[in-house]
Amino acid sequence: MQMNIKEQIQKIDSLEFELFQRKLELVIEKAYLKGVQDGQTKYNYEPVLTKKDLKKIFQVSTATVDRLIRRKDFPRLIPFAGKYPRDEVFEWIKNNTKN
């Protein structure tokens with residue numbers, strides 16, 4: 001038995017809704033996983049980082065951290081020497097990393 005046009009439109013609408021719902025679920029899952037990842041990395045550190053924290057985050061030597069923090073665009077807390085704002089550091093990483 002063939003579906004009439006109204007039934008076909010309803011079927012298409014139903015399929016489109018199912019597709020939209022699945023896409024929305026994937027977006028939500030991706031956002032959740034990103035939040036978990038941030039919680040395990042970014043927010044595992046205090047709001048103010050030290051050179052020791054930077055060494056661990058970047059997994060580099062102290063000399064490399066020293067070169068990094070001398071960059072004019074690297075975030076720092078002024079006037080506190082050797083202190084770096086966590087959220088701005090992670091934002092700097094995001095903005096200065098090529099995928």
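Predicted model: local features only at pLDDT ≥ 70, side-chain atom pairs only at ≥ 80, totals over all residues.
Visitor: Let's start with two helices. At what angle do α2 and α3 pack?

Guide: Happy to begin there. Helix α2 covers residues 51–58 and helix α3 covers residues 62–69, with 9 Å between their axes. The two are roughly perpendicular to each other, and the angle at which they pack is about 105°.

Visitor: Which residues of α3 make the contact with α2?

Guide: Both sides contribute. From α2 come Lys51, Leu54, Lys55 and Phe58. By class, the contact has five nonpolar, one polar and three charged residues. On the α3 side, the residues are Thr62, Val65, Asp66, Leu68 and Ile69.

Visitor: Now α2 by itself. Within what arc do its buried residues fall, seen down the helix axis?

Guide: The buried residues of α2 are Asp53, Leu54 and Ile57. They line one face of the helix, and they pack against β1, α3, β2 and α4. Seen down the axis, these buried residues fall within an arc of 100°.

Visitor: What is the phi of the residue just after α2?

Guide: That residue is Gln59, found in the loop between α2 and α3. Gln59 counts as exposed, at 73% relative accessibility. Gln59 is not a glycine, yet its phi is positive, with a value of about 55°.

Visitor: Val60 is in that loop too. Which residues does Val60 touch, not counting those up to four places away in sequence?

Guide: Val60 is in the loop between α2 and α3. At 26% relative accessibility, Val60 counts as partly exposed. Leaving out residues up to four places away in sequence, Val60 touches Lys55 and Val65.

Visitor: On to the aromatic residues. How many aromatic pairs does the count come to, and how is the pair of Tyr45 and Phe90 classed?

Guide: The count comes to five aromatic pairs. For Tyr45 and Phe90, the rings are 6.3 Å centre to centre, with 40° between the planes. That makes this pair tilted.

Visitor: How many residues apart are Tyr45 and Phe90?

Guide: Tyr45 is in the loop between α1 (5–40) and β1 (48–49), while Phe90 is in helix α4, residues 86–95. Both Tyr45 and Phe90 are buried. Their pair links distant parts of the chain, 45 residues apart.

Visitor: How are the rings of Phe74 and Tyr84 arranged?

Guide: Phe74 lies in the loop between α3 and β2, and Tyr84 in strand β2, so the pair ties together parts that are ten residues apart in sequence. Both residues are buried. The ring centres are 6.0 Å apart and the planes are at 65°, so the arrangement is edge-to-face.

Visitor: Which peptide bond is cis?

Guide: Look at Pro79, which is found in the loop between α3 and β2. The omega is near 15°, and the cis bond runs from Ile78 to Pro79.

Visitor: Last one. What distance separates the C-alpha atoms of Ile28 and Thr50?

Guide: Ile28 lies in helix α1 and is exposed, with a relative accessible area of 51%. Ile28 and Thr50 are 22 residues apart along the chain, and their C-alpha atoms are separated by 34 Å.

Key. Residues numbered from 1 in each chain as written. Heavy atoms only, no water. Axes fitted to C-alpha atoms, helices over the stretch in contact; angles between N-to-C directions. Helix = DSSP H or I, 4+ residues; strand = E, 2+ residues; numbered from the N terminus. Parallel < 35°, antiparallel > 145°, perpendicular 65-115°, else oblique. Contact = heavy atoms within 4.5 Å. Nonpolar A, V, L, I, M, F, W, Y, C, P; charged D, E, K, R; others polar. Phe/Tyr/Trp six-rings, centres within 6.5 Å; stacked < 30°, edge-to-face > 60°. Buried < 20%, exposed > 50% of the residue type's maximum accessible area, 1.4 Å probe, protein only. Arc of directions from axis to C-beta.
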